[in-house]
Amino acid sequence: MELYDKIQNIYNINKENEIIKVIAETKSEYQNLTTKRTCVIYSSLIAILLLQKHISVRIINTKDLGMSFEHQFCLVPDQNKYYLIDLTFEQFNTKGTFPNLLTNGYMLINNTDFNNYLSIVTANERKDIYNLDDVFYHSIPYEIRKNK
């Protein structure tokens, strides 16, 4: 897996530092844009800027995971871990949950936290357990992805 990770990051980019820069740039340029119901805008902006820096990123839409509520956020793989980026998370009023995500706009995430995050953004609609690798690489079975 280490060789595969090196191939994916041939420029040897510190992904977390670049994520921080992209978030700061986005927040500065769009400081007057609300965080309510703007997840499509923010996730698109973040994805474009990260791709320009040669960082692998995927916009995840909860509808693609078979949920009726639509919310978008970004996932960035970095070796055997993932960063979740969501500049609109504060709209879900979860002051005590995921403080790094609320403060910084991103967090390092594992499968357990990811499923908790999905429960929050879909108002507990999530019924399936998701693996970050499956979500990032679109390996979710059709039965789960289709609208329920």
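This is a predicted model: local features need pLDDT of at least 70, side-chain atom pairs count only at pLDDT 80 or more; totals for chains, interfaces and linings use all residues.
Started at the end of helix 5: just after this helix, Ala123 takes a positive phi of about 55°. Helices here are DSSP runs of H or I with at least four residues, strands are runs of E with at least two, and both are numbered from the N terminus.

Residues are numbered from 1 along each chain as its sequence is written, and side-chain values use heavy atoms, with hydrogens and water left out.

**Other positive phi values**

I looked for non-glycine residues with positive phi and found His54, at about 65°. His54 sits in the loop between helix 3 and strand 1. It is partly exposed, with a relative accessible area of 48%. I also noted Gln79, with phi near 60°, in the loop between strand 2 and strand 3. Gln79 counts as exposed at 54% relative accessible area. For the cut-offs, buried is under 20%, exposed is over 50% and partly exposed is in between, with a 1.4 Å probe and protein chains only.

**Helix 5**

Back to helix 5, residues 111–121: which of its residues are buried? I get Phe114, Asn115, Tyr117, Leu118, Ser119 and Val121. An α-helix has 3.6 residues a turn, so residues three or four places apart point the same way. The cover over the buried residues of helix 5 includes strand 2, strand 3, helix 4, strand 4 and helix 6 (132–136). Contact means heavy atoms within 4.5 Å.

At the N-terminal end, the cap is Asn110, with a side-chain oxygen 3.1 Å from the backbone nitrogen of Thr112. A polar contact is a pair of N or O atoms within 3.5 Å; within protein, one must be able to donate a hydrogen and the other to accept it, and residues adjacent in sequence count only if both atoms are side-chain atoms.

**Cores**

I then checked the largest nonpolar core, which has 21 residues. A nonpolar core is a set of buried Ala, Val, Leu, Ile, Met, Phe, Trp, Tyr and Cys residues joined through side-chain atoms within 4.5 Å. Phe73, Leu75, Leu84, Ile109, Phe114, Tyr117 and Leu118 touch the most other members. Strand 2, strand 3, strand 4, helix 5 and helix 6 each supply at least two residues, and helix 5 gives the most, with four. Apart from this core lies another, of 17 residues, among them Ala47, Leu49, Val57 and Cys74.

Two strands pair if DSSP finds at least two bridges between them. Strand 3 (residues 81–85) and strand 4 pair over four bridges, and Ile85 stands opposite Tyr106.
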